[in-house]
Amino acid sequence: MTNSTELLYVISGEDFASAGEASTSFKNELKKLNVSPEVIRRASIAMYEGEINMVIHAYGGTARVTVDDKDIKIVLADNGPGIEDVEKAMQAGYSTATDGIRDLGFGAGMGLPNMKKYSDEMTIETHEGEGTTVTMIVHREPEVS
Amino acid sequence: MTLQDINNLPDFTITCEGDNTLTVTDVFCCDMLSLAMSKGIEHAAWVTVMGGVNTLAVLRLTEMSCIILAEGVKPDDVMKQKALEEGIAVFTTDLSVFRAALKIHEALS
């Protein structure tokens with residue numbers, strides 16, 4: 001039988017003071033579940049980038065996490081403006097963040113590229129004016145080819 | 001070395017107390033938080049000019065040992081309060097990022 005743990009995080013929009021709290025809590029949960037340090041590192045980076053994106057661009061949202069014996073699945077859903085050009089948004093260095101956001105140390109255009117880099121699978125579903133759902137899967141063990 | 005050893009260095013002032021016994025094994029410099037998030041080195045002393053609360057979040061996630069604010073930068077009030085609450089050590093120095101990192105590097109070797 002597969003063991004499965006579900007976690008839900010609510011992320012506030014434009015609340016930079018608490019940005020990163022969901023990712024920190026998520027990381028601590030993965031430690032409790034005996035996930036390997038390297039997988040925790042990758043999943044935490046992916047989660048943090050997603051959390052920050054929701055704070056910056058999407059008035060917040062939710063992160064639903066499922067951890068089972070094989071995978072960590074993170075579903076980030078928001079009701080923000082949507083991503084106008086996903087292809088461009090996936091390019092490292094491309095960012096629509098304001099100067100104010102850049103002054104806080106964000107907006108390097110590494111958010112989505114890092115999320116893709118540190119997860120094993122990633123899909124983006126976005127609709128202009130309705131929101132975006134990003135699903136990321138991080139495998140707990142490397143795949144044997 | 002430990003945070004206490006950094007505390008003993010003449011150019012560094014402790015602004016928020018952390019666990020002085022925490023180990024420092026490396027030094028890391030970066031101001032872009034996304035980059036720091038992916039490149040941060042566990043147990044490193046992180047030299048930066050980003051004196052805001054988000055720097056603390058990245059430190060927690062990367063498990064670096066302390067923050068060193070260089071170039072005379074001071075933590076803003078929110079960062080200071082949160083660092084104190086969470087026991088994260090924040091040092092300040094008037095040295096440049098490079099000079100501050102070099103001092104830590106020399107102390108490590």
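This is a predicted model: local features need pLDDT of at least 70, side-chain atom pairs count only at pLDDT 80 or more; totals for chains, interfaces and linings use all residues.

Biologist: How many salt bridges does the structure hold over all chains?

Modeller: Side chains of opposite charge can pair when their charged atoms come close. Over all chains, the structure holds 8 salt bridges.

Biologist: Which parts of the two chains does the pair A:E21 and B:K82 join?

Modeller: The side chains of A:E21 and B:K82 form a salt bridge with an N to O distance of 2.6 Å. A:E21 lies in helix α1 (residues 21–32) of chain A and B:K82 in helix α4 (residues 77–86) of chain B, so this pair joins two chains. A:E21 is partly exposed at 38% relative accessibility, whereas B:K82 is buried at 12%. Elsewhere, A:K27, A:K31 and B:E63 are linked in a network of salt bridges.

Biologist: Where do A:R42 and A:D120 lie in chain A?

Modeller: In the salt bridge between A:R42 and A:D120, the closest N and O atoms are 3.0 Å apart. The pair links distant parts of the chain, 78 residues apart: A:R42 is in helix α2 (residues 37–57), and A:D120 is in the loop between α5 (111–118) and β4 (121–127). A:R42 is buried, with a relative accessible area of 17%, while A:D120 is partly exposed at 37%.

Biologist: What does the pair B:D11 and B:K103 tie together?

Modeller: The side chains of B:D11 and B:K103 meet in a salt bridge at 3.5 Å, N to O. B:D11 is in the loop between α1 (3–7) and β1 (13–16) of chain B and B:K103 is in helix α5 (residues 97–108) of chain B, so the pair ties together parts 92 residues apart in sequence. B:D11 is partly exposed at 31% relative accessibility, and B:K103 is partly exposed at 35%.

Biologist: Which residues gather in a patch of negative charge on the surface?

Modeller: The patch is made up of A:E84, A:D85, A:E87 and A:E128. A:D85 is placed in the loop between β3 (71–78) and α3 (86–89) of chain A. A:D85 is partly exposed, with a relative accessible area of 34%.

Note on methods: Residues are numbered from 1 along each chain as its sequence is written. Chains are lettered from A and ligands numbered from 1 in the order in which they are written. Side-chain values use heavy atoms; hydrogens and water are left out. Patches are made of residues with over 30% relative accessible area and no salt bridge: like charges are joined within 9 Å, nonpolar side chains (Val, Leu, Ile, Met, Phe, Trp, Tyr) within 5 Å. Accessible areas come from the Shrake-Rupley method with a 1.4 Å probe; for residues, only the protein chains shown count as cover. A salt bridge is a side-chain nitrogen of Lys or Arg within 4 Å of a carboxyl oxygen of Asp or Glu. Lys and Arg count as positive and Asp and Glu as negative; His and the chain ends are not counted. The place of a charge is taken as NZ of Lys, CZ of Arg, CG of Asp or CD of Glu. Helices (H or I, at least four residues) and strands (E, at least two) are DSSP runs, numbered from the N terminus. Buried means under 20% relative accessible area, exposed over 50%, partly exposed in between (1.4 Å probe, protein chains only).
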